[in-house]
Amino acid sequence: MNEITIILNEFLIQTKSSSALISGAKGKLITSLHLDYSDSVAAMSDAILSMSDKFLTDLAKGALKQLYLKTTDGGVVVMNKINNSHSVIVFSNDGSNLGLFLRNIDELATKLSSISLLK
């Protein structure tokens, strides 16, 4: 396992998340764990993040840092910017401890931002 995969795997175990991926510029898949159709999910996530960032910019609300989606089944998807060109997307079946989950993902993004491949 490379450094990015190790960090991502430890995060999934620690937070009991089901899957995750890291995408680069234009939705290019960097890595994923426990996720089917990772390439498609990375591309769709990039589109969602790009539109959301444009939405916030047009409203003069600042740049997008984190996006949270909740499913009807109680699962959550959190997309967190690592930097201007990379994002981490995490999927969890349980959104019950949301505050801690969001903080942990933000810390994960900060940790990943120090890895040379993601700079």
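**Entry 1. Model and elements.** I worked from a predicted model. I looked up the secondary structure and found three helices and five strands in the protein chain. Read from the N terminus, the order of these elements is α-β-β-α-β-β-β-α. I then checked the radius of gyration: it is 13 Å, close to the 14 Å that the globule rule gives for 119 residues, so the chain is as compact as a globular protein of that length.

**Entry 2. Extent and packing.** I noted that the C-alpha atoms fill a box of roughly 40 × 35 × 25 Å along the principal axes. I looked up burial next, and 40% of the 119 residues count as buried. Of the contacts between residues at least 6 apart in sequence, 47% join residues at least 24 apart.

**Entry 3. Residue N80.** I asked where N80 is placed, and found N80 in strand β4, which covers residues 76-81. Is N80 buried or exposed? Its relative accessibility is 0%, and because buried means under 20%, N80 counts as buried. I then listed the contacts of N80, leaving aside its neighbours within four places in sequence: they are K65, Q66, S87, V88, I105, D106 and A109.

Key:
Residues are numbered from 1 along each chain as its sequence is written. This is a predicted model: local features need pLDDT of at least 70, side-chain atom pairs count only at pLDDT 80 or more; totals for chains, interfaces and linings use all residues. Side-chain values use heavy atoms; hydrogens and water are left out. Helices (H or I, at least four residues) and strands (E, at least two) are DSSP runs, numbered from the N terminus. The radius of gyration is taken over C-alpha atoms; the globule rule is 2.2 Å times the number of residues to the power 0.38. Buried means under 20% relative accessible area, exposed over 50%, partly exposed in between (1.4 Å probe, protein chains only). Contact means heavy atoms within 4.5 Å.
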